[in-house]
Amino acid sequence: MKKLILFLISTGIIQNVANSQGCLPDGITFSTQTEIDNFQTNYPGCTEIEGDVLIFGDNITNLQGLSVLTAVDGDFDIGTGNYGNPNLTNLSGLENLMVIGGDLYISNNHSLASLNSLNVSSIGNGLVIMENISLTDLHGLDNINYIPGYFLISENSQLETLEGLNNLTSTGNDFRIFTNDILHDLAALYNLTSIGGKLWISWNDSLTNLNGLDNINSNSINNLEIYENHSLSTCEVQSICEYLANPNGNIDIHDNDYGCMSQSEIEDACAVGISNTISNNDFIIYPNPAKTEISLDNNDSFTKCEIFNQYGKMVLQQTYPTNKIDISKLNQGIYFIELSSNKTKTRQKLIIN
């Protein structure tokens, strides 16, 4: 009898292990609430779906039937670019889902007000949050710190803040935020230090500044697009200033608010801290752009020459007049030369390449 009991126990353990193996290598599509409710019955022991998961349907109201899932090896799509889940209000049932091997795509869920039930800590490719018109923040993505693929937050008309992305440190591809009508700040992105592609901020009509993007390494940006953000007047955060000083690709800046209407406006604003008691630009710098040395030509009796970097920090000073100025120790970028006397100051832009 004892041997029989041990045999039954051991076979039960083996059966449980077998039942907990991955399933559905070709993935699965859920288009009705019944299919979600019956998942655990139809696929007993399945906690890891080996293929893609697609969820869309007019009568889907909850995801509780998927509560056993811990991993999806492929893409995990809650809604698509054309079809969504109009009656899904939250993501309860996904609390145990920790790993997504492909994209996480949440789109066209018009009643979805919260992502709070998400507990995902690992995404294998991109993140797309698009056309969820009731979503107000991104809490639920709090455990994600790296997105290997693209990043897209778009057309979420009630999204006020990016809170929930506070732990995101890097992405591996394009970083795009556009057409979020009442998004008023990007402050939650303060830990973001690297992106692997284009930085694209467009059509966010309530966005007033780019604070939160300060810490991105400008060398990780390969193209910069900032346009049609009609309230955006403050763009001179450090990452943007550094990129404009030494661009790594294309630049497209237009139709924002005054102060951020063009590349030249931002470059001027990047010179924060330089005296604004400036007379007309009445001296000549040559050559400009320059590499190692410049000469100054003017008809006034200035006594001092100072060179400031794009953040307003003085990096070189010498008594004027002088014939030539050695700039060979300065890095490539945008600078401002200021000549001053007891009564006046004048300033011009210098580019070192």
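This is a predicted model: local features need pLDDT of at least 70, side-chain atom pairs count only at pLDDT 80 or more; totals for chains, interfaces and linings use all residues.
Two strands pair if DSSP finds at least two bridges between them. Strand E9 (residues 127-130) and E11, for instance, pair in the parallel sense over four bridges. Ten strands join up in an open parallel sheet, and three disulfides are also part of the structure.

**The protein overall**

- Of the 353 residues in the protein, 46% are buried.
- Take the contacts with a separation of 6 or more: 61% of them are between residues 24 or more positions apart.

**The ten-stranded sheet**

- If you want to trace the sheet by eye, follow the order E1-E3-E5-E7-E9-E11-E13-E14-E15-E16; the pairing is parallel and the sheet is open.
- At the edges sit strand E1 (28-30) and strand E16 (251-254), each of which pairs on one side only.
- From one strand to the next, the twist averages 5°.

**Around strand E11**

- Strand E11 covers residues 151-154, and both of its faces are covered.
- On one side of E11 you'll find Phe151 and Ile153, on the other Leu152 and Ser154, and all of these are buried.
- E9 is one parallel partner of E11, through four bridges, and there Ile129 stands opposite Ile153.
- Strand E13 (residues 175-178) also pairs with E11 in the parallel sense, again over four bridges.
- Look for Phe178 in E13 if you want the bridge partner of Ser154.

- Strand E15 (residues 223-227) and E16 run parallel as a pair, with four bridges between them.
- Within this stretch, Ile226 stands opposite Ile253 in E16.
- Helix H4 (residues 238-245) packs on the sheet here and touches strand E14 (198-202), E15 and E16.
- The direction of H4 makes about 120° with that of E15.

**Disulfide Cys23-Cys46**

- The sulfur atoms of Cys23 and Cys46 are 1.8 Å apart, and the two residues form a disulfide.
- The torsion about their S-S bond is about -55°, so this disulfide is left-handed.
- Cys23 is in the loop between helix H1 (2-19) and E1, while Cys46 is in the loop between helix H3 (39-42) and strand E2 (48-49), so the bond ties together parts that are 23 residues apart in sequence.
- Buried means under 20% relative accessible area, and Cys23, with 13%, is buried.
- Cys46 counts as buried too, at 3% relative accessibility.

**Disulfide Cys235-Cys260**

- Cys235 is joined to Cys260 by a disulfide, with 1.8 Å from S to S.
- Here the S-S torsion is about -85°, so the disulfide is left-handed.
- Cys235 belongs to the loop between E15 and H4, and Cys260 to the loop between E16 and helix H5 (263-269), so the pair links parts that are 25 residues apart in sequence.
- Cys235 has a relative accessible area of 0% and is buried, and Cys260 is buried at 0% as well.

**Disulfide Cys241-Cys270**

- Cys241 and Cys270 are joined by a disulfide with an S to S distance of 2.0 Å.
- With a torsion of about -95° about the S-S bond, this disulfide is left-handed.
- Cys241 lies in helix H4 and Cys270 in the loop between H5 and strand E17 (284-286), so the pair ties together parts that are 29 residues apart in sequence.
- Cys241 is buried, with a relative accessible area of 3%, and Cys270 is likewise buried, at 3% relative accessibility.

**Cysteine bookkeeping**

- Number the bonded cysteines in sequence order and the pairing reads 1-2, 3-5, 4-6.
- One more cysteine to have on your list is Cys305, which is buried, with a relative accessible area of 0%.

Methods
Residues are numbered from 1 along each chain as its sequence is written. Side-chain values use heavy atoms; hydrogens and water are left out. Buried means under 20% relative accessible area, exposed over 50%, partly exposed in between (1.4 Å probe, protein chains only). Contact means heavy atoms within 4.5 Å. Helices (H or I, at least four residues) and strands (E, at least two) are DSSP runs, numbered from the N terminus. Axes are lines fitted to C-alpha atoms, for helices over the stretch in contact, and angles run from 0 to 180 degrees between N-to-C directions. A disulfide is a pair of cysteine sulfur atoms within 2.5 Å.
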